[in-house]
Protein chains: 2
Amino acid sequence: MSKRTEKTIVDIAEELSLSVSTVSRALNDNPNISARTKERVKKMARKLGYRPNTMAAGLRNNKSKTIGLVVPRISMFFPATISTVIQNKLQEHGYNLLICQSNDSYEQEIALADTLYSARVDALAVSTTLYTTDFSHFDVFNDNNIPLVFFDRVPKDYGVKVIKGDDYLGGFTVTQHLIEKGCKDIVHISGPLTCNLYVERVAGYKSALRKYKIPFNKSRIFYHELTRENAWQTCEKIFAQKPYPDGIFAANDTTAITILEYCRKINLRVPEDIKVTGYSNDPRAEIITPSITSVDQCPAMMGERVAAALLALLQQPKSTPKKYSEEIIPIKLITRASTEGPDVVLKKQGKGKG
Amino acid sequence: MSKRTEKTIVDIAEELSLSVSTVSRALNDNPNISARTKERVKKMARKLGYRPNTMAAGLRNNKSKTIGLVVPRISMFFPATISTVIQNKLQEHGYNLLICQSNDSYEQEIALADTLYSARVDALAVSTTLYTTDFSHFDVFNDNNIPLVFFDRVPKDYGVKVIKGDDYLGGFTVTQHLIEKGCKDIVHISGPLTCNLYVERVAGYKSALRKYKIPFNKSRIFYHELTRENAWQTCEKIFAQKPYPDGIFAANDTTAITILEYCRKINLRVPEDIKVTGYSNDPRAEIITPSITSVDQCPAMMGERVAAALLALLQQPKSTPKKYSEEIIPIKLITRASTEGPDVVLKKQGKGKG
DNA sequence: AAGAAATATGCAAACGTTTGCATTTAAAAT
DNA sequence: ATTTTAAATGCAAACGTTTGCATATTTCTT
């Protein structure tokens, strides 16, 4: 009694004494079906409660109208914002999004690539784990001409469309800012160098030091996953002996926040005694006291671009020779109390764009 | 040259001079295929680079191994956390998740229900828009015995499995807390009453007032979407005339944060002059100064329960008579500086569970 | 050594669409 | 009225699996 209610175009055809092909074409607004027939078919479809079956169509057409998205974590601010934008944009264009998270596990990422291929997604967008350096699990998409776009955390030397932030410039700008605010001994807390983001931010950091003739001290950089726990431990190391640094460039905001807490604990004033910067412009950076200078990576813009790139690639015929362009999303330094000086009275901002 | 590389079980069968049925069974570890044959088939599958086609299998089996998830917004803290948990849990069980956002638009929600049905999702989990009061767009799932679970924002009187927070108790507890801290004139900023969450929180609020014999003043409740902009405007109304309230129960943390900013602007001290509470225990609530008393809704637990409910429903045969149980997820009052007294020196918390 | 039982494999239909090609019907041109 | 052209519809195969049933092969009984 349950399964017998599932209506198909065959039922519509029978009901109207038409062929299934006519019904199919009518539903798809094929131009050589008469207006009258289209009307009748659509009306009957409604009457019978007909629901198209995407899988059947997909099988026949070899397209699923579904796009895969692989990110490390969907609840982190930056990928969450990007995912939101991508999802909305693709939804507008009739695509569904299979959103998956690798949880920064290389093995999970491989498994996901596999199942998403099996689902025959029409395209795939991915931001890799921190530890992905071999990208061969994505070969199958390339080999079969399935649009493949990497963003934010992207491969090195893997022929593919890439959309990334300007992490070199971000690292440079934020370091330069610290220097201009008077810092002479700047610690950098970085993520692991297996990830392009951190390689570039470190490069930017070094480059700024060089520009201002500040000697680079290798032991002033710490590398680890940027969690709260790790950040706390690193603080313990940093402040185990003097001289204390007068600036810390943290490669994410969670780390910067943790540093602030640690400084409060050891009665170090920010920004008077030490200046601190984060990265990503997490909403918390604006709200904490002192508010944290950070780097806005324009996640919404990145999301837009990723979606646009996917749609563009989906448009063009499979045979189009690929060119692997790289798009760079700009960054914006957001200066706040953690580097600017004593915390000023917050200006009213409630009426803003939020 | 591109399409010709897509291998199917037919290719495997030919290569080994076996029938497709045997190959299919071998790949699915059907018990009456010999171990030797299974070996040969799997080896050949690997050799040919065979990739199963989920759509074909899905069409045949009438199951897609895909589950739909509809939430208002995937980037908001609460649904994001829930989505994360659900996605990970279902992934473990071999299901893909189609995550969609309604953007709190009723029309979009209807469209999503439609396309998710067309995708023949094996189950659907949804948290509705603020304005959904008619749920008939989900009838098709019920009618076809497709597991359907609502969570957080759930229907009223719509026969279906429901998993929700204890919003009545949340409203009651937080109001009681304000009263116990000495508040006698408590404003409540609520979301629209089309959504069950706010109906219940308001009920809890009233109930607490009653218990402590505090007269209820209808004009002390404000109803609107809980955005920053709206909150600011409401603050302007509230503080346009004296007497000021001595406590505000905001139905989300964004609103509470905005209130804090407004109070700072008009030089009202929190919690000395006025106490403020939020809802949801957004990460920002902990980090702002003063930190904000809020209600932890245990999103991870809710996610776990939703996933478990989906899996349980998927397990049982389609014919099982449905019973529409309602699960209530507990809430936890997290008291912080915004109600507790002058901001104390933050105790070290870096080493904690984060 | 023969039949019975168990194990392994094959055949063919089915899932719900779409689409190239063939055919019918209607409209236009002579 | 007859031929030519255009418009509308139908036939049947195909997409890649799975599965009930039938058949072939092996193993066990006696």
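In this predicted model, Cys298(B) counts as buried, since its relative accessibility is 15%, below the 20% cut-off for that class. Its counterpart by number in chain A, Cys298(A), has a relative accessibility of 13% and therefore also counts as buried.

A disulfide is a covalent bond between the sulfur atoms of two cysteines. Across all chains, the search of the whole structure returned 0 disulfides. For Cys298(A), the closest cysteine sulfur belongs to Cys195(A) and lies 18 Å away, which is too far for a bond; the cut-off for a disulfide is 2.5 Å between the sulfur atoms. Cys298(B) is likewise in no disulfide, with the sulfur of Cys195(B), the nearest one, at 18 Å.

Attention now turns to a pair of helices in chain A. Helix H8(A), spanning residues 167-180, packs with helix H9(A), spanning residues 196-211, at an angle of about 40 degrees, and their axes are 7 Å apart. The two helices are therefore oblique to each other, and H8(A) passes H9(A) in a right-handed crossing. On the H8(A) side, the contact is made by Asp167(A), Tyr168(A), Gly171(A), Phe172(A), Thr175(A), Gln176(A) and Ile179(A). The residues contributed by H9(A) include Leu197(A), Glu200(A), Arg201(A), Ala203(A), Gly204(A) and Tyr205(A), and also Ser207(A), Ala208(A), Leu209(A) and Lys211(A). Sorted by class, this contact between H8(A) and H9(A) comprises 8 nonpolar, 5 polar and 4 charged residues.

Terms used: Residues numbered from 1 in each chain as written. Chains lettered and ligands numbered in written order. Predicted model: local features only at pLDDT ≥ 70, side-chain atom pairs only at ≥ 80, totals over all residues. Heavy atoms only, no water. Axes fitted to C-alpha atoms, helices over the stretch in contact; angles between N-to-C directions. Helix = DSSP H or I, 4+ residues; strand = E, 2+ residues; numbered from the N terminus. Parallel < 35°, antiparallel > 145°, perpendicular 65-115°, else oblique. Left-handed = near helix turned anticlockwise from the far one by under 90°. Contact = heavy atoms within 4.5 Å. Nonpolar A, V, L, I, M, F, W, Y, C, P; charged D, E, K, R; others polar. Buried < 20%, exposed > 50% of the residue type's maximum accessible area, 1.4 Å probe, protein only.
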